[in-house]
Structures are given as structure tokens and as C-alpha cells.
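Subject: Handover of a structure and notes on its contents

Dear colleague,

Please find the structure for your study below.

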Amino acid sequence: RPISSAFFGGGTPSLFSGAAMQRLMDGLRSRLSFTADAEITLEANPGTVDEAHFAAYRAAGINRLSIGIQSLDAAKLKALGRIHDPDQARRAVRVARSAGFDNLNLDLMFALPQQTLAEAATDLDGVLALAPEHVSYYHLTIEPNTAFAHQPPSVPDEDLAADMLDQALATLNAAGFARYEVSAYAREGRRSRHNLNYWTFGDYLGLGAGAHAKRSGVEGIRRAAREKHPQRYLAQVGSPGIEQDVLMIEAAQRPFEYLMNALRLAEPRPWQEFIQRTGLDQAALQAHIEAPVARGLMHRDAQCFGTTETGYAHLNTVLQQLL
């Protein structure tokens, strides 16, 4: 099957030299068929890039950058343990533009340690002043086995975080960005095709240490992960042992697997998409969504289904009920 998108992420791929990225892209193109308009994204840390890197990435075929700004407040960046400062973040965007990139996503976090509503507004205004095509705006999450988990910082409570999100929605809408996924906002025609494939339960290759893959075929729907440790991964290239946690997704699990991703999207999903992506008929999903429909959290008609405005605002609750 032709490749319509690729995403280099998971760590800091902007540490790659331009020559290394060219070699990697050449190797992929020699083995895979890419569509003419394939979206090829690279995650970039503002503290690790310069004009020569970005120009070389563009020459290698990267046509979209996702820059992890996270905040434009120096104190907040320090609290997050980021290696860049606000000036480096702004410079990364300028350098990307001068290198020819016309499709930029900027990551921004909210509900940061001791962040106020006004500070969240200032951060978002600063990001919008950089004129990106896409904004990922997401709530700080305290992950297990991290410094924050061991020593939790003082963060905004749920009500203040909700106010920050409401404020951001109004600001982004006024600036011409449409919310099409829980944390994703895009100008017209600039939605992330790669992420849309995940959210609509599409197939994808997982290449590299720790990468995950999903493939549909005559044998069913198969998930697998690659060896996480880079040295062991390299040692196992070409051997069956490089794949771990191989799982065939049984028919009974597919409705929730699909919904867990698809309900993140703001637009209703067509029944035909569910049928095509899961190999099941409409009735397999219909039975699962009766309860949230009755509670006013989901809606359905002959063509499509989705969450209501209330359900979208409380998506975790909807998913818990479906599970």
C-alpha cells in the first residue's frame, strides 16, 4: 500500500544531521511507495536546531515540522525541565520559515505549575503571533516515574484548567483555527493527516526502537511493538524477535478500540468508516452506544454517529461507559 504520511517523533529526531535524514528518507523511498503529496512531519526541539539543519531536512523531503514550544514563559519552561528558552522557540519558527517550511505545528501546554488564567492567555497569544498553521494545545499530564510524579508541583485545579481551555477555544476560533480533535486546532486544509489516520483506526508501520504498528489483513487486525532499547533493537534488526507484544485484536474488542480513537474527533464519524476499519457490521457498534445515546452523551442517525457537545466535553466519561 502507498504511504500517505510519515512522522518522525519519539524523543528528539531533530538531533539527526541533515545527511542522516537524507540517508533515512532515501532508504525509505527505495523500499516503500510514497504518494506524491505525502505529509512528512518531523518533531523538533527548539533547543537543538539551526538554519542548516532545517534547510537540510527540507531538502530531504520533510515538509511539515512539529515544534515543541510548550510555553513562552521562561519560568514555566524551567519548571518543565525544557532545554530551550522563549527566544530560542521564536527563533526556531523564524528559521523554519526561512528554510521553506509552510506547514508548522506548534505544541503548547496549559495548566502548568502555578500558571494563572492571564499567563495561559499570554502564552497562547504569543504562539498565535508566530502564525502557525496548526496548534496542539494540551493539558500538562503528570506521568508515572517522572520527576513531577515523585515531587508533584502545584498546578491549577480542574475548574481553573477548564477556564483556561474555554478561554483558548474562543481565542483560537477568533484567530481562524478550528478544533478538530481534543487537543488539535488547524487552519483550513492544515489538519494533521498522519494523526487523523490514528484517530480513524487506520493502519500504520512502526519503525525504530519502541515504535508501535497496526496492520489489517485477511488474518485480522494485528498490533505489535518494536524492541524499546536502542542497542537491543539494532542487534535484532532482521530477526523476528524485534517485534514484541504482538496482539490480534479480537472482534469483541474492535468497537471500543475504534471508539477510543475516533471519538477524539469533533466531526461525526460515518458508519461506513467503522465497517471498513474494523471489518464488523454496524450492529456490532450500535449495541455499545445505546447507553451514552440515551444519556445525551452521543448521537446517531442513518449516516453517522458521534459525541454530543456535552459528551465531547466529558470524553473520558463517555469512554468509561463504553468500556
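Which residue in β4 is the bridge partner of Q70? The bridge partner of Q70 in β4 is L108.

This is a predicted model, in which local features need pLDDT of at least 70 and side-chain atom pairs count only at pLDDT 80 or more, while totals for chains, interfaces and linings use all residues. Residues are numbered from 1 along each chain as its sequence is written, and side-chain values use heavy atoms, with hydrogens and water left out.

Strand β4 and its partners

Helices (H or I, at least four residues) and strands (E, at least two) are DSSP runs, numbered from the N terminus. Two strands pair if DSSP finds at least two bridges between them. Strand β3 (residues 64–70) runs parallel to β4, and four bridges join the two. On β5, β4 has a parallel partner as well, with six bridges in that pairing. Within that pairing, D107 stands opposite S136 in β5. The chain passes from β4 to β5 through helix α5 (residues 117–128), and this β-α-β crossover is right-handed (with the strands pointing away from the viewer, the path from the first strand over the helix to the second runs clockwise).

How many of the seven residues of strand β4 are buried? Seven of the seven residues of β4 (residues 104–110) are buried, so the strand is largely enclosed by the rest of the structure. Here, buried means under 20% relative accessible area, exposed over 50%, and partly exposed in between (1.4 Å probe, protein chains only). L104, L106, L108 and F110 point one way from β4, whereas N105, D107 and M109 point the other way, and all are buried.

Seven of its nine residues are buried, so α10 is largely enclosed by the rest of the structure. The buried residues are R254, P255, E257, Y258, L259, N261 and A262.

Most residues other than glycine have a negative phi. Q70, which lies in strand β3, has a positive phi near 70°. At 6% relative accessibility, Q70 counts as buried. F201 is not a glycine, yet has a positive phi of about 65°. F201 is found in the loop between α8 (193–199) and β8, and is buried with a relative accessible area of 1%.

Two open sheets

Strand β9 (residues 220–226) is joined to β10 by five bridges, and R222 stands opposite M248 in β10.

Another open sheet of three strands, also with antiparallel pairing, has the order β11-β13-β12. Its edges are β11 (269–270) and β12 (298–300), each with a single partner strand, so one side of each has no neighbour in the sheet. Three bridges join β12 to strand β13 (residues 304–307), where H299 stands opposite G306 in β13.

Empty space in the model

Rolling a probe the size of a water molecule over the atoms shows where empty space is left. On a 1 Å grid over the protein atoms alone, a cavity is a set of points where a 1.4 Å probe fits but cannot get out, and a pocket is an open set with protein on both sides within 12 Å along at least five of seven lines; lining residues have an atom within 4 Å of a point. Grid points are joined across faces, edges and corners, and a volume is the space filled by probe spheres set on the points.

The second largest pocket has a volume of about 1,100 Å³. Its lining has 29 residues, of which L165, R179, V182, Y312 and A313 lie nearest its centre. The largest share of this lining, six residues, comes from α7.

The structure holds one cavity of 30 Å³ or more. The residues that line the largest cavity are A262, L263, L265, A266, E267, P268, R269, G306 and T307.
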